[in-house]
Amino acid sequence: MKKLVLCFILALTFVFGAVCPQTATAAESINYNDYATYNWLEKFVTANPTRTTGTQGEATAALWLEQELQKMGYATETQTFEAPVGSVAGVMNSVANSKNVIAKNNYDNGKQTVIIGAHYDNASDLFNGGFVSGGEGAMDNGSGVAVVLSVAEKLSKQRAVLPFNVEFVFFGAEEMGMIGSNYYVSKLSQQQRDNILLMINADVVASGDNLYVWGEDKKTPQANYFAQISGGKINKTPANTKVIGVHSGYRPYYSVCQMSDHMEFLYAGIPVAAFFSGNFSSGFSYVENKGKDDISHTKNDTINYMKNNFGISFVNNMETVSNAIYYGVIQNADSFVVQVKDARKYIINDFWLDMGNALLILLVLMAGVGIFAYNYYKKLQKRAILGNADVKTSTVFEKPDDDDIFTFRS
Ligand SMILES: [Zn+2]
C-alpha cells in the first residue's frame with residue numbers, strides 16, 4: 001500500500017512537472033534572438049550605449065543608423081542642427097551639434113507621405129536628481145529605434161510600390177526638448193506639411209504594462225485603426241478629463257499622450273499616431289510600469305534589467321508595435337489610406353488652449369475690467385458732487401466744459 005501511494009505521488013510529480021514546468025526553466029528557454037525587434041535593440045544598444053545629445057556617442061549612433069539603413073538599400077540624408085547641452089549639473093549652458101537621420105522609400109512628389117519616426121538619443125549622460133542618469137537607453141528609446149528599424153528592414157525586402165511615400169526619421173536631441181523634430185518640422189514648407197498623411201512615432205515601447213496608441217485628446221480614426229489591427233493588444237489612451245495642471249508648454253492641461261517628437265508635428269497641423277507603453281493605473285495617473293516605475297532616465301534603462309524583470313514581455317511589446325505599423329501601414333496600404341485620410345479633421349484647434357493666447361486674453365479682460373472700474377469710480381465722484389442729478393458724462397467735474405451737461409431731476 002505504501003508503495004502504491006509512493007507510486008501515485010511519483011506519477012503526480014511527473015505529470016505536474018511535465019505540464020507545469022518551473023518558471024526558471026521557462027525563463028531559460030526564451031530565445032530572444034528569435035525576434036527581429038530584439039535583435040535590432042541588442043545591435044543598436046551594444047554599439048551605442050551612450051547617445052546623449054551633443055556627445056560623440058550620439059554622433060556615432062547617427063552614423064551607425066545611416067550605415068544600417070544603407071545596408072538595407074535606402075539612400076540616407078542627415079540634418080544637422082544646434083541643440084542645448086549642459087556642462088554643469090542640470091544647467092543647459094552651451095550648444096552642440098546633433099543630427100536627424102532620414103531614409104526615404106520610392107520618393108514621388110505626386111504622392112502623400114507617411115513618416116515613421118523614433119528618437120535615438122538617450123539620457124545616459126544627463127543629470128537626474130543630482131546624479132548622472134546612467135543606463136543605456138534600451139527602453140528610452142532603443143525600443144522605438146528597434147521597432148522602426150524592423151519595419152524599415154521588412155519594407156526594404158518587400159520593395160513594394162505603395163500609394164504613398166514612406167520616410168523613416170531618427171530624431172536627435174529629443175531628451176533636450178524635442179529639438180530634432182522641431183528642426184525637422186521647421187524645414188517643411190506649408191505644402192510639404194499639407195502633404196503628410198500621418199506621422200507615426202514610437203517612443204518607449206517595451207517594458208510598460210500596456211501598449212497605447214494616441215492620436216489626439218479625443219477619438220481619432222488613426223488610433224481606432226491601429227488598436228483594431230493589433231487585435232486589442234494596443235489600447236487607446238483613457239479619455240482625457242482635461243484636468244488642469246501644466247504638463248508641458250504645449251497644452252495647459254495634463255494630456256494623456258507621452259510628450260515626444262509627434263507633438264512637434266501635431267502643432268504644425270499634421271495628424272499623428274504615437275505608440276508608447278506604460279500604465280494609466282488610476283485612470284489618469286501614468287506610470288511606466290506598476291511594479292517598476294524606475295527605468296526611463298535611470299541606470300536601470302538597460303537590456304539586462306528588462307530581461308531580469310519582464311522576461312519576454314518587453315520583446316512582445318516591441319513586436320506588437322512593429323507588426324501594427326508593418327501590417328497596418330505597409331501590408332494594408334490601401335485600407336490604411338481610406339481609414340486615415342480624414343485624420344486632419346480631428347486635430348483640436350488649440351488657439352483657446354494655447355497658454356500664450358490664454359495670457360493675452362486674460363490681460364485684455366483685466367484691462368477691460370480696469371477701464372470699467374475707472375469710469376465707475378469717476379461716476380461715483382460726480383455723484384458725490386451732484387447728488388441725485390443725472391450724470392451725462394464721465395468727465396471729472398473740476399473744470400466744466402461743453403461736455404459737462406447735466407440736468408437736475410424734477
Ligand atoms: Zn523617449
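User: In what kind of crossing does H8 pass H11, left-handed or right-handed?
Analyst: H8 passes H11 in a right-handed crossing. Residues are numbered from 1 along each chain as its sequence is written.

User: Which residues of H8 and H11 make the contact?
Analyst: On the H8 side you will find Tyr225, Phe226 and Ile229, while H11 brings Ala324, Tyr327 and Gly328. A contact here puts two C-beta atoms, placed from the backbone, within 7 Å.

User: What makes H3 roughly perpendicular to H11?
Analyst: The axes of H3 (residues 36–47) and H11 (residues 313–331) come within 8 Å and cross at roughly 110°. That angle makes H3 roughly perpendicular to H11. The crossing of H3 and H11 is right-handed. Here Thr37, Tyr38 and Leu41 of H3 meet Val315, Met318, Glu319 and Ser322 of H11.

User: Why does Ala173 count as buried?
Analyst: Ala173 has 30 C-beta neighbours inside 10 Å. A residue is buried with 20 or more other C-beta atoms within 10 Å of its own (exposed with 12 or fewer, partly exposed in between), so Ala173 counts as buried. You can find Ala173 in the loop between strand S6 (165–171) and helix H6 (179–186). Setting aside neighbours within four places in sequence, Ala173 touches Thr53, Ala83, Ser98, Asp121, Ile179 and Gly180. Arg51 is 122 residues from Ala173 in sequence, yet their C-alpha atoms are 9.3 Å apart.

User: What is the phi of Met178, and where does that residue lie?
Analyst: Met178 has a phi near 55°, a positive value in a residue other than glycine, and sits in the loop between S6 and H6. Most residues other than glycine have a negative phi, and most peptide bonds are trans. Met178 counts as buried, because it has 22 C-beta neighbours inside 10 Å. Val204 also shows a positive phi, of about 65°, although it is not a glycine. Its place is the loop between strand S7 (196–202) and strand S8 (210–214), and its 24 C-beta neighbours inside 10 Å make Val204 buried.

User: Which residues does the cis peptide bond join?
Analyst: The cis bond joins Asp140 and Asn141, with omega about 5°. Asn141 belongs to helix H5 (residues 138–158).

User: Over which residues does pLDDT stay under 50?
Analyst: That stretch is residues 1–26, for which the model has one contact beyond four places in sequence. pLDDT is the predictor's confidence in each residue, from 0 to 100. Where pLDDT is low, the predicted coordinates should not be read in detail. The protein chain averages 85, and 81% of the residues score at least 70.

Technical notes. Predicted model: local features only at pLDDT ≥ 70, side-chain atom pairs only at ≥ 80, totals over all residues. Helix = DSSP H or I, 4+ residues; strand = E, 2+ residues; numbered from the N terminus. Axes fitted to C-alpha atoms, helices over the stretch in contact; angles between N-to-C directions. Parallel < 35°, antiparallel > 145°, perpendicular 65-115°, else oblique. Left-handed = near helix turned anticlockwise from the far one by under 90°.
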